[in-house]
Amino acid sequence: PQTPATATGAAPVPASGAGGGLNGEIRPILFADIVAFSGANRTDTDRLVVRKALYAVLQEAFKRSGVPWDRAHCEDRGDGALIVLPADVPAHLVLGPLAAHIATGLRVHNRSAASAVRIRLRLALDAGPVTGDAHGVSGSAIIHAARLLDAAEFKRRMAGSPAELGLIVSGYVYDSVVKHAPGRVDPSFYQRIDVAEKETRAHAWIALAGQPGPGERSRCDGGPARSGARAGDHARAVRAARPYRRTPDGAAAAPRRG
């Protein structure tokens, strides 16, 4: 992912909670990256519009999911964001309603946006110890999540799909959360890929919103439509994000890599 200096020069989004307050607690780690942010079809003004829309989508999704944005540590990445969630946020809120509401927000935004400011997003989820200082955060789990986000196969699958949202989870998150949640998050929606980025050699699991999985049902329960959206937009968008149904709590121990 780019840095603010290499993208728009905009100042980072203020992080809620200083990095210095993170002392190795195990946290859910979410990376977001805008697909083709630097594309030739975008002007610098378009990129500012896209960035503003991204944060509006993220903050609305956090609110709808009951995940406290103001307690998360957020670092702007120019073409995305690094979000370290509070330790007491269960994994099911990220794999379930949060991802679905992000997909909803993207779809609602894109329905009325010009092509140059439409957003497709890649998300990477891992969990592990996070430490911080006055300048930000660090930790092997953050590095691992960044490598997942940049995985060549993940990018290739997104490029070959119309999906507006792609999610990649670490082997740890899949093994400890996804595959133990029958009927709530369907493991059959996820496909295993190999990741070979820089020093990282691992496997991960991906799901693309809008890509039907085995036995996908056409019915879903939709929540209230977003303000300004036509009736039914929310339900249709959540239906497209069905790979991210609710799961039990998870990510309670340091991840095992592999």
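**Exercise 1. Is Ile29 buried or exposed?**

Before you start, note that this is a predicted model, where local features need pLDDT of at least 70, side-chain atom pairs count only at pLDDT 80 or more, and totals for chains, interfaces and linings use all residues. Residues are numbered from 1 along each chain as its sequence is written, and side-chain values use heavy atoms, with hydrogens and water left out.

*Solution.* 
1. Recall the classes: buried means under 20% relative accessible area, exposed over 50%, and partly exposed in between (1.4 Å probe, protein chains only).
2. Ile29 has a relative accessible area of 0%, so Ile29 is buried.
3. Now place Ile29: the residue lies in strand E1 (residues 23-34). Strands (E, at least two residues) and helices (H or I, at least four) are DSSP runs, numbered from the N terminus.
4. Look for contacts (heavy atoms within 4.5 Å). Leaving aside neighbours within four places in sequence, the partners of Ile29 include Leu82, Ala124, Val130 and Ile142.
5. Ala124 is 95 residues away from Ile29 in sequence, yet their C-alpha atoms are 8.0 Å apart.

**Exercise 2. Find which residue forms a salt bridge with Asp33, and say what the pair ties together.**

*Solution.* 
1. Side chains of opposite charge can pair when their charged atoms come close.
2. Here, a salt bridge is a side-chain nitrogen of Lys or Arg within 4 Å of a carboxyl oxygen of Asp or Glu.
3. The partner of Asp33 is Arg122, with 2.3 Å between the closest N and O atoms.
4. Asp33 lies in strand E1 and Arg122 in strand E4 (residues 121-133), so the pair ties together parts 89 residues apart in sequence.
5. Both Asp33 and Arg122 are buried.

**Exercise 3. Describe the surroundings of the salt bridge between Asp88 and Arg71.**

*Solution.* 
1. The closest N and O atoms of Asp88 and Arg71 are 3.1 Å apart.
2. Asp88 sits in the loop between strand E3 (80-84) and helix H2 (91-112), while Arg71 sits in the loop between helix H1 (44-65) and strand E2 (73-76).
3. Asp88 counts as exposed at 53% relative accessibility, whereas Arg71, at 43%, is partly exposed.

**Exercise 4. Work out how strands E7 and E8 are joined.**

*Solution.* 
1. Two strands pair if DSSP finds at least two bridges between them.
2. Strand E7 (residues 191-197) and strand E8 (residues 200-208) run antiparallel, joined by 7 bridges.
3. The hairpin has 2 residues between the strands, and Lys198 takes a positive phi near 50°.
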